[in-house]
Amino acid sequence: MTQLSSYELACISARILDNKLAKEIMILNISNVSVVADYFVICSADSTTQVRTLTESIKDKIKENYEMLPTRSENDLKNRWNLVDYSDVIIHVLHKEERQFYALEQFWNHACTINEDEWMKATEELKDKLL
């Protein structure tokens, strides 16, 4: 089993979400502004079915490739906001309307953003493995 840094796990999670057609994927480095985690990975989905599918894809691919299970996983009753917690990396999969309403990026605007080019480059050699 490969030990992943929180940065690697965040980038890999973003790549998995991208492979499954998540929208507006963002990685926030919150390590300097919070003790909750090192990174938030946030994405949008167009339907509750896609929210569920993206969430299950993250858990399945990380378990399959890295033998890691989330510390916890939560969802609201209508399946419009799912959270997958790997301790240092917390993944938020939100229906696009919830994403606009809760505006996590604005709340955490003092966090550093890992841009898409960076996380794509960091996972380039893994892209086929994570499909």
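Tutor: Here are some questions and answers about the sheet, the hairpins and the cysteines.

Tutor: One note before we start: this is a predicted model, in which local features need pLDDT of at least 70, side-chain atom pairs count only at pLDDT 80 or more, and totals for chains, interfaces and linings use all residues. Residues are numbered from 1 along each chain as its sequence is written, and side-chain values use heavy atoms, with hydrogens and water left out.

Student: What is the strand order of the open sheet?

Tutor: The order is 3-4-5-2-1-6, for 6 strands with mixed pairing. Strands here are DSSP runs of E with at least two residues, helices are runs of H or I with at least four, and both are numbered from the N terminus. Two strands pair if DSSP finds at least two bridges between them.

Student: What makes strand 3 and strand 6 edge strands?

Tutor: Strand 3 (72-75) and strand 6 (112-114) each pair on one side only. For strand 6, the pairing is with strand 1 (residues 23-29), antiparallel and with 3 bridges.

Student: Which strands does helix 1 touch?

Tutor: Helix 1 (residues 6-19) packs on the sheet and touches strand 1, strand 2 (39-45), strand 5 (89-95) and strand 6. Contact means heavy atoms within 4.5 Å. The direction of helix 1 makes about 5 degrees with that of strand 2. Such axes are lines fitted to C-alpha atoms, for helices over the stretch in contact, and angles run from 0 to 180 degrees between N-to-C directions.

Student: How do you know that strand 3 and strand 4 pair?

Tutor: They share 4 bridges in the antiparallel sense, and pairing asks for at least two. Arg 72, for instance, has Asp 85 in strand 4 as its bridge partner. The two strands form a hairpin with 5 residues between them, and Asn 79 in the turn has a positive phi of about 60 degrees.

Student: Why is Asn 79 called buried?

Tutor: Buried means under 20% relative accessible area, exposed means over 50%, and partly exposed is in between (1.4 Å probe, protein chains only). Asn 79 has 11% relative accessibility, so it counts as buried.

Student: Which residue takes a positive phi in the hairpin of strand 4 and strand 5?

Tutor: That is Ser 87, with phi near 70 degrees, in a hairpin that has 3 residues between the strands. Most residues other than glycine have a negative phi. Ser 87 has a relative accessible area of 39%, so it is partly exposed. Strand 4 and strand 5 are antiparallel and joined by 5 bridges, with Val 84 opposite Ile 91.

Student: Why is strand 4 described as largely enclosed by the rest of the structure?

Tutor: Because 4 of the 5 residues of strand 4 are buried.

Student: How many disulfides does the structure hold?

Tutor: It holds 0 disulfides. A disulfide is a pair of cysteine sulfur atoms within 2.5 Å. For Cys 43, the closest cysteine sulfur is in Cys 11, 15 Å away, so the distance is too far for a bond. Cys 112 is in no disulfide either, with the sulfur of Cys 11 nearest at 14 Å.

Student: What makes Cys 43 buried and Cys 112 partly exposed?

Tutor: Cys 43 is at 0% relative accessibility, so it counts as buried. Cys 112 has a relative accessible area of 46%, so it is partly exposed.
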